[in-house]
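The structure is shown first.

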Amino acid sequence: MSTTFAAVDNRAPGIPMSRLVRVEMRKLFDTRASMGLLIAMGVLTILIAAVSVLANINHYRDAPTSSSDIGDPLSFGDLFTSMSIPIGIILPVMAILLVTSEWSQRTALATFTMEPRRERIVIAKLATSLIAAAGAVVFALIVAAIVNVLAGLFVDGAGSWNLSVGQIGQMFLIHALGMLVGFGFAALFLNTPAAIVAYFVLPIAVSLVSSLVPWINENLSEWINTDRAGAPLLSGAPMTGADWAHVLVAFGIWILLPLGFGIARIMRSEVK
């Protein structure tokens, strides 16, 4: 007796994408691991802000008030940039968990049963990752604004509020690119430890090889090393055409290759 399995009817109306994104957003924040990462990110962000303010207070306290080389006080942009460091480290790990938890917790069967068109689940997860990056940037802006106000109460001469929309956009872009790199490794390995190790170790290995080989360091490093390519974005400095080219090529390599092979694996992998 033969059994015939019905193919997925791509013409049938599926679950609305907005609902899929809401579900994936809950998966991103509701697990213990993700909640722990969110708490750690918030604590580290506030801690860095406090250290920055205390360091600036001591700087003004130790320097003569009449000195012309005291330096600029803390600014909104400085605080915003410094607070983005822990966010840039933790957000990609959350993107990795968003993908790999489906396979490690064996929830992929339920997910792909409710929505058999796997590409829609992948799109929802990608959208959720980008929304999380935008939310993290907003969080950093709010905390930086509060700290800048408080710093003005304790430091002689409050920091400026100069922060352009372009700088905010650059910070969102660097976080979004980082999440996409983590997402790609997660899709490629479908295993949390392997994806996390690959995300942190492989770029370090590339940087190490670049530093050991002068020719690579001088000619190729900015084209293959995401840390060097993304440094202007993270600093908020104005970007030149060469800077944008480095970002496009370096992150294109680290995103498109693992993400392409990873999505192909998700589409074909047997769900158990």
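The structure holds one cavity of 30 Å³ or more. This is a predicted model, in which local features need pLDDT of at least 70 and side-chain atom pairs count only at pLDDT 80 or more, while totals for chains, interfaces and linings use all residues. Residues are numbered from 1 along each chain as its sequence is written, and side-chain values use heavy atoms, without hydrogens and water.

**Cavity**
- The largest cavity contains about 70 Å³ of space.
- A cavity is a set of points on a 1 Å grid over the protein atoms alone where a 1.4 Å probe fits but cannot get out, and lining residues have an atom within 4 Å of a point.
- Grid points are joined across faces, edges and corners, and the volume is the space filled by probe spheres set on them.
- The lining of the largest cavity includes Val 99, Glu 102, Trp 103, Arg 118 and Phe 183.
- Helix H3 (76–104) and helix H5 (118–154) are the elements that give two or more residues to this lining; helices are DSSP runs (H or I, at least four residues) numbered from the N terminus.
- H5 supplies the largest share, four residues.

**Helix packing**
- The axes of helix H1 (residues 17–30) and H3 come within 9 Å and cross at roughly 110°, where axes are lines fitted to C-alpha atoms over the stretch in contact and angles run from 0 to 180 degrees between N-to-C directions.
- H1 is therefore roughly perpendicular to H3 (65 to 115 degrees).
- Glu 24, Lys 27, Leu 28 and Phe 29 in H1 meet Met 94, Leu 98 and Glu 102 in H3, with contact meaning heavy atoms within 4.5 Å.

How values were computed: On a 1 Å grid over the protein atoms alone, a cavity is a set of points where a 1.4 Å probe fits but cannot get out, and a pocket is an open set with protein on both sides within 12 Å along at least five of seven lines; lining residues have an atom within 4 Å of a point. Angles under 35 degrees count as roughly parallel, over 145 as roughly antiparallel, 65 to 115 as roughly perpendicular and the rest as oblique.
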